[in-house]
Amino acid sequence: MRHATTATETMGHNSIIATGLNICSSCEQLSKKDLGIRIPRPVGSGPSRFIPEKEILQVSKVDPRTQLIFEGAFATLGHLDNISLVMGFHPKYLDNFLKTQYYLLQMDGPLSLHYRHYIGIMAAARHQCSYLVNLHVNDFLQVGGDSKWLNGLDGAPKKLQALGELNKILAHRPWLLTKAHIENLLKAEEHSWSLAELIHAVVLLTHYHSLASFTFGCGITPEIHSDGGHTFRPPSLSQYCVCDIANGNGNTNHPEEKFVNHQVSDFSGEVEVLMERMKQLQECRDDEEASQEEMATRFEREKTESMLVATAEDEECVPSRDVSRHFEDPYGYKDFSRRGEHVPTFRVQDYSWEDHGYSLVNRLYPDVGQLLDDKFQMAYNLTYNTMATHKDVDTSMLRRAIWNYIHCMFGIRYDDYDYGEVNQLLDRSFKVYIKTMVCNPEKTTKRMYDSFWRQFQHSEKVHVNLLLMEARMQAELLYALRAITRYMT
Amino acid sequence: MRELSSWKFCEQHLTQKQAPLCVILCRGPTFSPGSCYDHVGLWRLGSNKQSIMHLRQREVNIFFSHFIEDYWVVGREERCRYFGAMEKMSRVTTALGSSSISGRTMFCHLDAPANAISVCRDATQVVVAGRNIFKIYSLEEEQFVEKLNLRVGRKPSLNFSCADVMWHQMEENLLATAATNGAVVTWNLGKPSRNKQDQLFTEHKRTVNKVCFHPTEIYMLLSGSQDGYMKCFDLRKKESVSTFSGQSESVRDVQFSMKDYFTFAASFENGNVQLWDIRRPDRYERMFTAHTGPVFCCDWHPDDRGWLATGGRDKMVKVWDMTTNRAKEIYCVQTIASVARVKWRPERRWHLATCSMMVDHNIYVWDVRRPFIPFATFEEHKDVTTGIVWRNQHDPYFLLSGSKDSTLYQHMFKDASRPVDRANPEGLCFGLFGDLAFAAKESLISGDANRKPYPGGDRRYPIFFFKKPDPTEQFANVSSALSVFESPVESKHMDWLVTTARLYLLSGKPFAELCDHNAKVAKELNRPQVSTTWTMLRIMFSDPANPSTPGPNHIGKLGTLPLMNSFSMKEMGAGLGVEGRLDRSKGESRQDNLHLEPGTSLINSNNDENEETEGSDGQAEYMFGDAELDDDDLYSMEHDNHGAEYQEYTLPQEAFPLRHEIIDNPSAPEHLQQDKADSPHASGNEADIMCLTPIESFSLISISQPLFSPHLPAQFFCPVVREMLIHYAEQGDVQMAVSVLIVLGERIRKEIDDLTQEHWYMSYIDLLQRLELWNVSNEVIKLSTCSAISCLNQTSTTLHINCSNCKRPMSTKGWICDRCHQCASVCAVCHHVVKGLFVWCQGCSHGGHLEHVMNWLKSSSHCPAGCGHLCEYT
């Protein structure tokens, strides 16, 4: 938000003012008529603070598929949220995403509607994601939720309070989840959860944790109708008009943007280097066969290193919203990384989503297993075979490295993966970004977003974000489902 | 072929004795077509008598293609299953010769969860492999004995972490494992060193899910991996001979065909199954989609060429016939969890064993022709079973299994539980009109002399039900007889239920009124006991000072009646044998006994045909002392919530506020007027008839004050009421139980445990729905306080609609059609999308918002869309 305001405060470019002049005068007339009506205007510019609005809107204009999905989403929900707009870069995924989210929130399920939204609020609040919290506070009240609950978990029923612990652990240290936690929830006399309800809640929690990551990772701006999304201050004359911002012209001349553009030339070789490395890895895979112990150490090293990656400077602290403040708790991932305690390794070969997680979810919450499965696969396999300006590139290696790196941060290990590859393919700034986004998403800054993969397009960065989001969700789900399975056996 | 005579002999032999298995051995120096085979032997296994016809060479190497061709010419391939290099023939002889294996159901603890198990050829040893375990156990009579730990080294590498293991079926020293890190490892038990690792192939990039030796070719090993490739290794070489690319997702299982030397099947994570020719790595021979979601396993039938069983995440086991051009699904078994392994049972053509990947820990043996109930179940494991294998390829009675619970079991078939035996062969069902159908074993029913044949001839064996008895089927052939008991048409014994259900009021009025109304309904249906119960409930649970009792009113009306009546009634009550009780009540409330008696007897008099007179009387004694509801609370609540709350509450919560409002409705005058206007109160009504009202009313008024004692709270009656409810439910009148439960609401709910309540609700709702009383059943669901019940009408509320423009189904979300980009279901009047109640004419299919159409039809009878149709709405 702060970025956005600075954006509006900067001087507009002359040419821009020229093009928008006519509309501007009419706008000003409107606002000067002084009918006593306060006209709200968006604080941010476009759906994302990081991505110029022009680019986002272009996508939906060009791609009929995206437009169709947008139409559908609009018809169902009555509005299009900024998340969907940004995801519009990847219509295939967006379709899956919306379908799943719709099912989780609206369709038949063990939990009642207001519970679902409340759990969403709980989850988003763990990351102080005011955007999602606001969105669901509205929905929550709309489906008849008790506004007292919004004063904090203390105001909610005991049943939901019990979920707080699970929420906390899942969000920050899912590896600590044990069957005892599950038992506590399921055997709490009158406040106990049923297994089906618990699965539903777990899916919702993980969904919103990871969605919070995405929200911060892409710098989603608040909706205009929610708090912090609009201002009633009249546009100052020194600025260009509202309509310019709405048209997305404002951001292109942002000085920082320029700075980035300027930088790009310095790093022009980056993509090529990355591609070269991928090629090398592909070829000389067989030559240097690392010993088993070496592989194990590589994983451990990557794991510990990932924890030490400095997440973010505390310089920019997003002011938390009223509601989310009530859910705050000092418990967080950072405690863990500082202490550097040992994370037990989770072998994906022993408990995988495809074999075990899917069956469990689908058994207790029919159809959701399939929806999630489709979504994971879509995110994992999505590719356009491009990298920045290069075409026909096999990116599977890179995608796998990102996916496995995130799972590695949660202590999930793939026996059949050489974690040396991660080091080769992901540079430090990228790792910082991933780490921040996954573990402390609220600390993601525009600088981080800009500083990794400078040559890549915004759509590709959003793609990375999708990957991060789904990988995180799967990691959390795996831990939760494994605990539930252990409880059941 | 040189020894043609032997072959002939063999053929004869086979047909005569139905030999289940043959082993053919041969050795030829060269393997070109037409070359002569030096030594050919035929050996019959299966039963204990072997007939070795010829066996000379110890080292045999065969090139099977030609052999099979020759063999084919001879035309006996149906009978033969094993071709092999029989190096250890003597061992086989002992193993099979010593009159099959023996043993018992037994288990041993492993140190770690197992991922897979495999037995050696002679069924004496089993290998267990997992992430942290790799051991060989020998199978003794009474126990497992650990023979060898293959997991050596201080820090075992990932090569030891096995996803799968297979013991070679011909070479007893040879094992292969699939490692989770993508390595394929072979182990030679003959090695002198501690580390038995023989060869290591690290060609796969991802986890290897499955390894499979060729059943007859000693050096041929096949692997299937997560990376989507299958590789064929020649163990004499350092690397794979050929690579097969499935062109799709991860390979979950690979299996060589038992019958066709060159064929193998591969199952994939995307649901496909592919058939490959080992000689053609470029392209699969055939592909078909077997399951939705991953196919975790497949297994060729040991006897039937071309039968392939597959199991998938979709919880199904399917048997495919591959002999036709298109793979045909011939059997399908639906299990309760995703299927991890499937193995045909030896010697039993239709049987296969399965275990599941998640949740379910049992091993099931199915007869594929009876897919609904397992033939046998092994229930020993405490965690999911990960590996199953029949101990001997020719013995159907021993099953070995490994599990994640770190145990290794040998199951004896005789110890298996047979779900069929526990299944209930009797069925019972009520028809809509009270008919009763009952199916049971024929033997049980045949003795019944009253049986009349079904009109229209004996239908016991309709063509389409009759099943030819199959001697191979091990299920007992049960023929059942179906009897239908019709209830006589004139006894409309369900009528009262329907009428009562329709007329009962369960909410929406003050408590007392509800009770009175219901009592009246019951009375009109000639059910005095029920009626009285309602009346008493009202008396017990409502405020005696409440003006809603028709006291003053009746005094005014009937006050002139002689007081004498009361005495006669008293006598009547005494005559009914309740005097003792009355006396007691007299003693308890001395000064008022004079008034109390008639009142009590009034109740009794209503009950004169009631076997429960005494019990009800007991309740009635206290009828004036029950004013102990939290009056203050209730009153205040009532005033606060009267209007607003009523409107706002929806669904399950609704019941409470309403009832609170009921109990003490203070709007007496209005109430009384109502009473005068239409038919009087139920109780009043009765009283009128009995000519007792004045006394009763009088006593009510005068006594209520002195008796208003705080030590008789409403809870006092709860045990009695609870017993009453249970009594009704036991008698089969669940309607009464549920109705009272709803009307009393909070007052009684705590007294009865949730399960019982739920049970009653379910029964009543079921009854209502059978009688097609949808509205009533919905009301009951709505008013119920059990969460399990109230959610009933909130599921499956989806309505699937087609687009009105292109007539195709609409996707689940939205009001916009994916295909034609039009807003569907537009209101013909206002041209907006209708969300909510949509009404349309069935003639022209135009319509819109309910209100709009209703308004429109007031002014015009033509269709608002302008199509000219004269719309008709019912």
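Figure 1. Chain A holds 24 helices and six strands; helices (H or I, at least four residues) and strands (E, at least two) are DSSP runs, numbered from the N terminus. Welcome to a predicted model, in which local features need pLDDT of at least 70 and side-chain atom pairs count only at pLDDT 80 or more, while totals for chains, interfaces and linings use all residues. Residues are numbered from 1 along each chain as its sequence is written, chains are lettered from A and ligands numbered from 1 in the order in which they are written, and side-chain values use heavy atoms, with hydrogens and water left out. Of the 489 residues of chain A, 57% count as buried, where buried means under 20% relative accessible area, exposed over 50% and partly exposed in between, with a 1.4 Å probe and protein chains only. Among the contacts in chain A with a separation of 6 or more, 79% are accounted for by residues 24 or more positions apart; a contact means heavy atoms within 4.5 Å.

**Figure 2. Secondary structure and burial in chain B.** Here you can find 25 helices and 36 strands. Chain B has 874 residues, and buried residues make up 52% of them. For contacts in chain B with a separation of 6 or more, residues 24 or more positions apart account for 54%.

**Figure 3. The largest nonpolar core.** This core has 135 residues. A nonpolar core is a set of buried Ala, Val, Leu, Ile, Met, Phe, Trp, Tyr and Cys residues joined through side-chain atoms within 4.5 Å. The residues with the most contacts inside the largest core are A:M87, A:L160, A:L163, A:F214, A:I402 and A:I434. Helix α24 (residues 458-488) of chain A gives the most to this core, contributing 16 residues. Not counting residues up to four places away in sequence, A:L160 touches A:Y115, A:Y118, A:I119, A:M122, A:W149, A:L153 and A:W193. A second, separate core has 48 residues, including B:L506, B:F511, B:L771 and B:V776.

**Figure 4. A serine in a loop of chain A.** Look for A:S352 in the loop between β3 (346-347) and α18 (353-364) of chain A. The relative accessibility of A:S352 is 11%, so A:S352 counts as buried. Leaving aside residues up to four places away in sequence, A:S352 touches A:G357 and A:L478.

**Figure 5. Helices α7 and α8 of chain B.** The axes of helix α7 (residues 511-524) and helix α8 (residues 528-541) of chain B come within 7 Å and cross at roughly 165°. Axes are lines fitted to C-alpha atoms, for helices over the stretch in contact, and angles run from 0 to 180 degrees between N-to-C directions. The crossing angle therefore makes α7(B) roughly antiparallel to α8(B); angles under 35 degrees count as roughly parallel, over 145 as roughly antiparallel, 65 to 115 as roughly perpendicular and the rest as oblique. The crossing of α7(B) past α8(B) is left-handed, a term for a near helix turned anticlockwise from the far one by less than a right angle, with clockwise giving right-handed. Residues of α7(B) in the contact include B:F511, B:C515 and B:A519, while those of α8(B) include B:V530, B:W534 and B:F541. By class, the contact of α7(B) with α8(B) has nine nonpolar, three polar and three charged residues. Ala, Val, Leu, Ile, Met, Phe, Trp, Tyr, Cys and Pro count as nonpolar, Asp, Glu, Lys and Arg as charged, and the others, Gly among them, as polar. Helix α8 of chain B also holds B:T532, which is buried at a relative accessible area of 7%. B:T532 and B:D516 are 16 residues apart in sequence, and their C-alpha atoms are 9.6 Å apart.

**Figure 6. Helices α22 and α23 of chain B.** Helix α22 (residues 754-770) and helix α23 (residues 774-783) of chain B have axes that come within 8 Å and cross at roughly 160°. That angle makes α22(B) roughly antiparallel to α23(B). Their crossing is left-handed. On the α22(B) side the contact is made by B:Y761, B:Y764, B:I765, B:L768 and B:Q769, and on the α23(B) side by B:W774, B:V776, B:S777, B:V780 and B:I781. The contact of α22(B) with α23(B) has eight nonpolar, two polar and no charged residues. In the loop between α22 and α23 of chain B lies B:E772, which has a positive phi of about 60° although it is not a glycine. Most residues other than glycine have a negative phi.
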